[in-house]
Amino acid sequence: MSGDSSVGGRASSSGAAPAPMPKFAVAARGALADTALRRDLRAVTGELRRRREAAVGELGDWEELREAGRAIRDETLLNLDAHLERLEKSVTEAGGTVHWAADAAEAARLVTGLVTATGHGEAVTAAVPAAREIGLYEALAEAGVTAHPTDLAELVARLDGGPAPADPAPPAFHRDRARLRELFVRALPDAPPDLPDDPAALAAAARAHLRRRLLSARVAVCGADFMVADTGTLVLLESEGNGRAAVTLPGTLICVAGIDAVVPTWDDLEVLLQLLPRSATGDRMSPCVSTWTGVTPGDGPSELHLVLLDNGRSAALADEAGRAALRCVRCSACAHVCPVYERTGGEPYGPRGGGPIGAVLTPLVEGVEDAARASLPYASTLCGACADVCPVKIDIPDLLVRLRGRVVESRRRRPVPTPELLMMRSAAWTMADRGRYEAALRSGARWARLLSRGGRIRRLPGLLGKWTDARDLPAPPVHSFRAWWRARPRHGGDR
Amino acid sequence: MRVALFVACFNDALFPGTGRAVTALLERLGHEVVFPPDQTCCGQMHWTTGYRREAADLARRFARVFRDYDAVVTPAASCAATVRASYARIARADGDDDLARAAEGLAVHELSEFLVDVLGVTDVGAYFPHRVAYHPTCHSLRTLELGDRPLRLLRAVKGLELVDMPAAEECCGFGGTFAMKNADVSVAMVADKVRHVRSTGADVLCAADNACLAHIGGALSRLRGGVRVMHLAEILAATGSPAAAVRA
Ligand code: SF4
């Protein structure tokens, strides 16, 4: 595949090997064992699935809209250079400053530099999907800047001393309210000790705290869902209102967005704004849609910086699979319908994001040389539920299979073949010839019957032991189908 | 009508009763069944695990073995889906235009499609006095888009009580090599599937693919779940008369 060559080119452009992380199957174990997380994920993804279905069902032209969205995203990515140049021009003319970040480290450096240049030692953050990707909080902390996340889920994770949450999901859903109350009383400044544990009171306590933060903030770091190239307008969709406050109140606003978030015109935006909220949360429109263009004296921030993040994206565009994957508008609908994600959450997929499209994007952009990235395309049963809901019609299972192909091709180039490669080759060799196949049927059945008790096999050696850990296999019958066919009186004998 | 049976390698080895059932059923409906003996495997496992070259070899072989038949019927929904949806991609990945053309010419039907669409029957004269739940496997649901064809066939079976299953359209967690590579997640998925199956009170769980049934059935068996799994073909072949029994 043509994309294989671009993997190497990318490694040199981003300068460093991707950060170490565990293989998906290993990383998933913690989540699978976390009963509260499992319960909350099931509830939240179930609710979001129902909401999406209802919201999409209201529109008679959903399929036409999806097709329009696909076409817009395809065109945008094909001519990305031109649209980005136009965006830079429009933003600059409107009084903003555009910065280009080739990789995660440069983006983190740029943002920290811009914050420290203001002379303020702290910044609020709101709706920054790239935070994990670029290691924003680590970089700010290292530079001595105190970051105050204002997304509820992030605030809670922060108070708890944990990392930024992997799932851009509804408020702190992965903590039940007793845990949340205990946490607020312990760690949220000015939370009353007699705070009740009902959701409204908890939300009110968080809101009071966040308002004070946002009202006094001088510097804000935010993300953008879309950037309109024609006018230089940045568009942020969210549901908590903290994003709206962050893009309007502080004097300095630093916006970090992937270069793939560009949209050529407002007409294109109109289509995507119909697709995204319904797919993401089942809302006809997101509760808060903020659009802002450059700076306006006396109104909103007086300084606007836009940090445009490449980090492997432009290299990924070199092939068809990459262009298809980067159509993504980050609605998370694919994750919400994914039976794997429903049981693991987003964390095991790594910092570029979770769910089926995360399993595509991370290995696509970061390459498949290391075992963890290579494990991601296999973190799917290929059930296809994701492709059914994707608002820009990304055929995610097809991309996963293509990436699996990349993984295998890269392993073929290694001097020592993997056990799986040997097994797959030998299986293909057996299947390529009727005589070999029939001999294998006979000997396989003999072996398997030796391993069976009472008509079932309860333990198998090697890789197949992973199956019999929790599932039986039926003992193979004495005669294969073809043996029966051959012995049939009427049509017996080979033709 | 002369029908070539593609039984699928895992049915050949592990579930020969399904192949016998398809044979009995089609012959009962007055058709001639032939079994091209050179058939082996469609290449699905190789393709979905990323082994393009091996998949392409097996796809070429399949196309050669089945190219001369006007109708090929298989009880393996995921193999039918592989031939129909993946062969063109396999051909493209392997740069083999001949394979792409050959794949287009193949007339492969999953059993319920063949019965309902080609033969135009829903009542196949079966008798099966049991409570049955139906699991629409992902390939039958989303790639083949079988819709309610299997359900229409099941509803026409005398004595059969068809029960609805909660979350029926959710994947059972098999996913080929996924069941081994991500065994923990796979088991978490099949645990929920088993819970839903058992909540229906069905005696039998039915599907159009033994791969998924081996997974759900394997978990049910380990748990002594008290529910049998049966391929759709085996239910449709059942008539209750000992003469027509398909058991060898
Ligand atoms: S890939 Fe997933 S997150 Fe991206 S647009 Fe499609 S459904 Fe939404």
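How many aromatic pairs does the structure hold over all chains? The count over all chains is 12, where rings of Phe, Tyr and Trp (its six-membered ring) pair if their centres lie within 6.5 Å. This is a predicted model, in which local features need pLDDT of at least 70 and side-chain atom pairs count only at pLDDT 80 or more, while totals for chains, interfaces and linings use all residues. Residues are numbered from 1 along each chain as its sequence is written, chains are lettered from A and ligands numbered from 1 in the order in which they are written, and side-chain values use heavy atoms, with hydrogens and water left out.

**Aromatic pairs**

- A pair of aromatic rings is described by the distance of the centres and the angle of the planes.
- Planes under 30 degrees apart count as stacked, over 60 as edge-to-face and the rest as tilted.
- Trp467(A) and Phe174(B) are edge-to-face, at 5.7 Å centre to centre with 85° between the planes.
- This pair joins two chains, because Trp467(A) lies in helix α24 (residues 465–468) of chain A and Phe174(B) in the loop between β6 (161–163) and α10 (178–181) of chain B; helices (H or I, at least four residues) and strands (E, at least two) are DSSP runs, numbered from the N terminus.
- Both Trp467(A) and Phe174(B) are buried, that is, under 20% relative accessible area, with exposed meaning over 50% and partly exposed in between (1.4 Å probe, protein chains only).
- For Phe481(A) and Phe35(B), the ring centres are 5.1 Å apart and the planes stand at 65°, so this pair is edge-to-face.
- Phe481(A) lies in helix α25 (residues 481–487) of chain A and Phe35(B) in the loop between β2 (32–34) and α3 (44–49) of chain B, so the pair joins two chains.
- Phe481(A) is buried with a relative accessible area of 0%, and Phe35(B) counts as buried at 4%.
- A cluster linked by ring pairs consists of Phe6(B), Phe62(B), Phe66(B), Tyr69(B) and Tyr87(B).

**Interface of chain A and chain B**

- Chain A gives 71 residues to the contact and chain B gives 63, with contact meaning heavy atoms within 4.5 Å.
- About 6,000 Å² is buried between the two chains, 58% of it from carbon and sulfur atoms; buried area is the accessible area (1.4 Å probe) that two parts lose on being put together, summed over both.
- On the side of chain A, Met424(A), Arg471(A) and Phe481(A) lose the most area to chain B, together 12% of what that side buries.
- The rule finds 15 salt bridges across the interface, each a side-chain nitrogen of Lys or Arg within 4 Å of a carboxyl oxygen of Asp or Glu.
- Arg412(A) and Glu54(B) form a salt bridge through their side chains, at 2.9 Å from N to O.
- Helix α21 (residues 396–412) of chain A supplies the largest share of the side that touches chain B, 9 residues.

**Chain A**

- Chain A has 25 helices and 13 strands, and its C-alpha trace spans about 95 × 55 × 50 Å along its principal axes.
- Of the 495 residues in chain A, 55% are buried.
- Among contacts in chain A with a separation of 6 or more, 73% are between residues 24 or more positions apart.
- Gly345(A) lies in the loop between α17 (341–344) and α18 (355–366) and is buried, with a relative accessible area of 1%.
- The C-alpha atoms of Gly345(A) and Glu88(A) are separated by 36 Å, and the two residues are 257 residues apart along the chain.
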